[in-house]
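Here are my notebook entries from an afternoon with this model.

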Amino acid sequence: MRVREGSNRLSTAHFRASVKPVCRSASNGSEQRHGTAAPGILKNEIAMEWINIIIQGVLIGGLYAMFAAGLALIFGVMRLVNIAHGDLIVLAAYIALMTSDTLGLNPLLAIIVVVPIMAAIDYGLQRALLNRTLGDDVLPPLLVTFGLSVIIQNALLELFTADSRRLRAGSIEVASFQLTEGVWIGVLPLLQFVVAVAVIGALQLLFYRTAFGRAFRATSDDQSVAQLMGLDNRHIFALAMALSLAVIAVAGVFIAVRTNFDPAIGPARLIFGFEAVIIGGLGSLWGTLAGGIILGVSQAIGAQINPGWQLLAGHLAFLFILALRPEGLFPKVKG
């Protein structure tokens, strides 16, 4: 079992362990008493196991949705594809590590420190560097963010070495509750999913119910007209990037609590975010949630069939949906 590549396997193994002993003991007792009842109990055990697997896939899909929401946000506002997105998620995890070690905070409480730090870093990064690359040609921002990705990886490697780290959040990591007979839900995965839904809902309200949202949409639709109306495009783009980094800062803390991390895992998180965005539809915030859930469930089912198929199953689901609906399941609807 490789923790780094498949964080949802931890939850899968935990729920298998919690379900199987109970069901096997029930099955053995039933065989002794009734004999013919064992096949029915075995089918029930298998059904409960698959329900647990699918639930875990849905819950980790919330984490993937937070990866994707940041990408969808900056692409929707400034048409920028951020190659360093995954490495910025890892940077947030390391900032959470330093915050927890320095201040003695629980990692989940460290979010209140990590989010403004990441937002400030990326506001400055957008104003000082990325705004200079934006234009009709998409190649300059791609090259600059690729270089930024390399710099972040090597800086983290120099500062923290290649050793895997993990944040410890206490008993919540293993806490769970019984939903129905044979179906258990982890408290931490459920918290991640609820936070993802809340974050995406808040972004939706921000975009369509506030003056900031109107500024974002106006700048995205026509930068020249927005500038004529008094909007500072550089400031709007920097705010959008800061908001994107605030979202992925939350995701970075959760992934650091859920599984091991090191300076090299950023590109894999970038791929998960891209796949969730494309599955859901470019520019659709709620689509990123659907894309994350589809990706998480596919990976969970693949891991259940064969541990080596976890990532492959997610990629195949992505390719299948891309072939059927190249625009994604919920393409952007302008409001």
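This is a predicted model: local features need pLDDT of at least 70, side-chain atom pairs count only at pLDDT 80 or more; totals for chains, interfaces and linings use all residues.

**Entry 1: α3 and α5.** I began with how α3 crosses α5, and the crossing is left-handed (left-handed if the near helix is turned anticlockwise from the far one by less than a right angle, right-handed if clockwise). Helices here are DSSP runs of H or I with at least four residues, and strands are E runs of at least two, numbered from the N terminus. Residues are numbered from 1 along each chain as its sequence is written, and side-chain values use heavy atoms, with hydrogens and water left out.

The axes of α3 (residues 85-103) and α5 (residues 139-160) come within 10 Å and cross at roughly 25°. That makes α3 roughly parallel to α5. I noted that axes are lines fitted to C-alpha atoms, for helices over the stretch in contact, with angles from 0 to 180 degrees between N-to-C directions. Under 35 degrees counts as roughly parallel, over 145 as roughly antiparallel, 65 to 115 as roughly perpendicular and the rest as oblique.

On the α3 side, D87, L88, V90, L91, Y94 and M98 make the contact, and α5 brings S149, I152, Q153, L156 and F160 (contact means heavy atoms within 4.5 Å). I sorted these residues into 8 nonpolar, 2 polar and 1 charged. For the classes, Ala, Val, Leu, Ile, Met, Phe, Trp, Tyr, Cys and Pro count as nonpolar, Asp, Glu, Lys and Arg as charged, and the others, Gly among them, as polar.

**Entry 2: α3 and α9.** Next I checked α3 against α9, whose axes come within 7 Å and cross at roughly 60°. The two helices are therefore oblique to each other, and α3 passes α9 in a right-handed crossing. H85, L88, I89, A92, A93 and A96 of α3 meet a set from α9 that includes S244, L245, I248 and G252.

**Entry 3: D163.** Which residues does D163 touch, not counting those up to four places away in sequence? I found Y94, F261 and D262. D163 sits in the loop between α5 and β1 (176-180). D163 and F261 are 98 residues apart in sequence, yet 8.5 Å apart in space, C-alpha to C-alpha.

**Entry 4: α6 and α11.** I then looked at α6 (residues 187-209) and α11 (residues 285-305), which pack at about 160° with axes 9 Å apart. They are therefore roughly antiparallel to each other. F193, V197, I200, G201, L203 and Q204 in α6 meet L285, W286, T288, L289 and I293 in α11. By class I have 8 nonpolar, 3 polar and no charged residues.

**Entry 5: second largest pocket.** Last, I looked up the lining of the second largest pocket, which has 17 residues, with M78, L134, G135, Q223 and F237 nearest its centre. The lining divides into 6 nonpolar, 7 polar and 4 charged. α9 gives the most to this lining, with 3 residues. My pocket rule, on a 1 Å grid over the protein atoms alone with a 1.4 Å probe: an open set of points with protein on both sides within 12 Å along at least five of seven lines, with lining residues having an atom within 4 Å of a point.
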